[in-house]
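Take a look at the protein below. This report walks through its fold, its strands, its cores and a few single residues.

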Amino acid sequence: MGGVFRSFLKAAQGLSLMMFLICLLIAPSLAVEEEEDFLPRLIAANIRGTDMTVILEIKEGKRVRTLGGYALWHISAEVVRSFKGEFLPGEKVEYNRTTETEFPPPEKGSRHIVSFVLEEGTLVIPDEGYHFPWSPDLEEKVDALLVPSG
């Protein structure tokens, strides 16, 4: 009986090692695919759950103050496209954004997808997960998620 059990245990260990190696090979590609799909899904959810979402081109970003490990930026931008809300392309937008102090300043000319809520007539970014660097590929994926299925 002991020999059968040892043989079974040895086979199970070999199978476990093989499964572990397969997981090591497959997991990175799944993680990349999952990460690539996560951001467009998050932005689409932000669009549905906020008052306004736009693609902005940064005109200027100035650090207003630093408190602890956070920096408050005052950002001037121009609307490139509106996903939701009343902003029109070319319209000027000013807002504040809080980041960790090690984040670099927003680069002039860079584009971002930003979702806002209105609080007493002021544009407010609800949290860090509502301001992302823009890319044509990201915009295309978000558009695809916003198309109603029917």
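Helices (H or I, at least four residues) and strands (E, at least two) are DSSP runs, numbered from the N terminus. From the N terminus on, the elements here run α-β-β-β-β-β-β-α. That gives two helices and six strands.

This is a predicted model: local features need pLDDT of at least 70, side-chain atom pairs count only at pLDDT 80 or more, and totals for chains, interfaces and linings use all residues. Residues are numbered from 1 along each chain as its sequence is written, and side-chain values use heavy atoms, with hydrogens and water left out.

**The whole chain**

Buried means under 20% relative accessible area, exposed over 50%, and partly exposed in between (1.4 Å probe, protein chains only). Buried residues make up 27% of the 150 residues in the protein. A contact means heavy atoms within 4.5 Å. Take the contacts with a separation of 6 or more: residues 24 or more positions apart account for 62% of them.

**Strand pairs**

Two strands pair if DSSP finds at least two bridges between them. The table lists two such pairs.

| Strands | Bridges | Direction | Residues standing opposite |
|---|---|---|---|
| β1 and β2 | 13 bridges | antiparallel | Leu56 and Val79 |
| β2 and β3 | nine bridges | antiparallel | Glu78 and Lys92 |

The hairpin of β1 and β2 has two residues between the strands. There, Gly68 takes a positive phi near 60 degrees.

**The cores**

In soluble globular proteins, nonpolar side chains tend to be buried together. A nonpolar core is a set of buried Ala, Val, Leu, Ile, Met, Phe, Trp, Tyr and Cys residues joined through side-chain atoms within 4.5 Å.

Which residues have the most contacts inside the largest core? They are Leu56, Phe87, Val93, Tyr95 and Phe116, in a core of 16 residues. The elements that give two or more residues to this core are β1, β2 (70-84), β3 (92-100) and β4 (111-119). β2 gives the most, with five residues. Apart from this core lies another, of eight residues, among them Ile43, Phe83, Ile113 and Leu138.

Rings of Phe, Tyr and Trp (its six-membered ring) pair if their centres lie within 6.5 Å; planes under 30 degrees apart count as stacked, over 60 as edge-to-face and the rest as tilted. The structure holds one such pair. The rings of Tyr95 and Phe116 have centres 5.1 Å apart and planes at 75 degrees, so the pair is edge-to-face. Tyr95 lies in β3 and Phe116 in β4, so the pair ties together parts that are 21 residues apart in sequence. Both residues are buried.

**Two sides of a helix**

Helix α2 covers residues 136-146. Its residues Leu138, Glu139 and Val142 are buried. They span an arc of only 100 degrees around the axis (the arc of the directions from the helix axis to the C-beta atoms), which puts them on the same side of α2. Pro136, Glu140 and Ala144 are exposed on the other side. An α-helix has 3.6 residues a turn, so residues three or four places apart point the same way.

Why does Glu139 count as buried? Its relative accessibility is 17%. Setting aside residues up to four places away in sequence, Glu139 touches Ile55, Arg81, Phe83 and Trp134.

**Two residues with more accessible area**

Thr66 sits in strand β1 (residues 52-67). At 42% relative accessibility, Thr66 counts as partly exposed. Its side chain joins that of Arg63 by a polar contact of 3.3 Å. Such a contact is a pair of N or O atoms within 3.5 Å; within protein, one must be able to donate a hydrogen and the other to accept it, and residues adjacent in sequence count only if both atoms are side-chain atoms. Leaving out residues up to four places away in sequence, Thr66 touches Ala71 and Thr101. Thr66 and Glu100 are 34 residues apart in sequence and 9.2 Å apart in space, C-alpha to C-alpha.

Glu120 is in the loop between β4 and β5 (122-124). Glu120 counts as exposed, at 85% relative accessibility. Most residues other than glycine have a negative phi. Phi of Glu120 is positive, near 55 degrees.
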